[in-house]
Amino acid sequence: MNVIFTCGGTAGHINPAIAVAKMMQQRYPDAQVYCMLMLPRRGNTTQPTAFNAELTEVIEHFGYTAVDLENCGITPEPEIFDVYITDKRVHPGPLGMDKMTQALIKAMMGKEDATFSVTQDLVNV
């Protein structure tokens with residue numbers, strides 16, 4: 001079983017996720033836990049990077065896998081960021097969700113060079 005958490009950027013999101021992850025692993029010892037890190041922020045390159053470094057330490061301390069979103073193709077530059085983030089702040093639209101899903105699947109497969117498009121695959125169904 002795979003358990004996936006998208007925690008946002010505050011302890012109010014992360015602490016409950018870690019608590020639920022611990023409970024899930026107690027109940028399902030073979031569960032693999034994946035925690036998605038913070039997305040880049042429009043025009044802000046330092047805060048997410050520093051936060052993700054600290055969050056990765058916490059995630060790995062519990063034996064979970066951190067899913068890096070800083071290199072998923074969504075960057076802080078407005079001309080790129082605005083394509084993937086619908087509210088110009090932090091919430092991904094369909095193309096942003098596609099990039100996040102690709103990063104998650106790559107982490108789960110352990111293959112950084114895998115290429116696919118979840119959104120395009122759904123359109124083709």
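From the N terminus on, the secondary-structure elements follow the order β-α-β-α-β-α-α-α, which amounts to five helices and three strands. The model is a predicted one. Of the 125 residues in the chain, 33% count as buried, and the accessible surface comes to about 7400 Å², with 55% of it belonging to carbon and sulfur atoms. Among contacts between residues at least 6 apart in sequence, 59% join residues at least 24 apart.

The strands form an open sheet of three, in the order E1-E2-E3 and with parallel pairing. E1 and strand E3 (65–67) stand at the edges with a single partner strand each, so one side of each has no neighbour in the sheet. Neighbouring strands are turned against each other by 25° on average, direction ignored. Between E1 and E2 the parallel pairing extends over five bridges, and the bridge partner of Ile4 in E2 is Tyr34. Helix H4 (residues 94–109) packs on this sheet, where it touches E1, E2 and E3, and its direction makes about 145° with that of E2.

In soluble globular proteins, nonpolar side chains tend to be buried together. The largest nonpolar core here has 14 residues, of which Val3, Phe5, Val33, Cys35, Ile59 and Tyr64 touch the most other members.

| Element | Residues |
|---|---|
| Strand E1 | 2–6 |
| Helix H1 | 11–27 |
| Strand E2 | 32–36 |
| Helix H2 | 47–61 |

The largest share, five residues, comes from H1. Leaving aside its neighbours within four places in sequence, Ile59 is in contact with Cys35, Leu37, Tyr64, Thr65 and Ala66. Apart from this core lies another, of 13 residues, which includes Leu69, Ile85, Met100 and Leu104.

Which rings form an aromatic pair, and how are their planes arranged? The structure holds one such pair. The rings of Phe62 and Tyr64 have their centres 5.9 Å apart and their planes at 20°, and because planes under 30 degrees apart count as stacked, the pair is assigned to that class.

Terms used: Residues are numbered from 1 along each chain as its sequence is written. This is a predicted model: local features need pLDDT of at least 70, side-chain atom pairs count only at pLDDT 80 or more; totals for chains, interfaces and linings use all residues. Side-chain values use heavy atoms; hydrogens and water are left out. Rings of Phe, Tyr and Trp (its six-membered ring) pair if their centres lie within 6.5 Å; planes under 30 degrees apart count as stacked, over 60 as edge-to-face and the rest as tilted. A nonpolar core is a set of buried Ala, Val, Leu, Ile, Met, Phe, Trp, Tyr and Cys residues joined through side-chain atoms within 4.5 Å. Buried means under 20% relative accessible area, exposed over 50%, partly exposed in between (1.4 Å probe, protein chains only). Helices (H or I, at least four residues) and strands (E, at least two) are DSSP runs, numbered from the N terminus. Contact means heavy atoms within 4.5 Å. Two strands pair if DSSP finds at least two bridges between them. Axes are lines fitted to C-alpha atoms, for helices over the stretch in contact, and angles run from 0 to 180 degrees between N-to-C directions. Accessible areas come from the Shrake-Rupley method with a 1.4 Å probe; for residues, only the protein chains shown count as cover.
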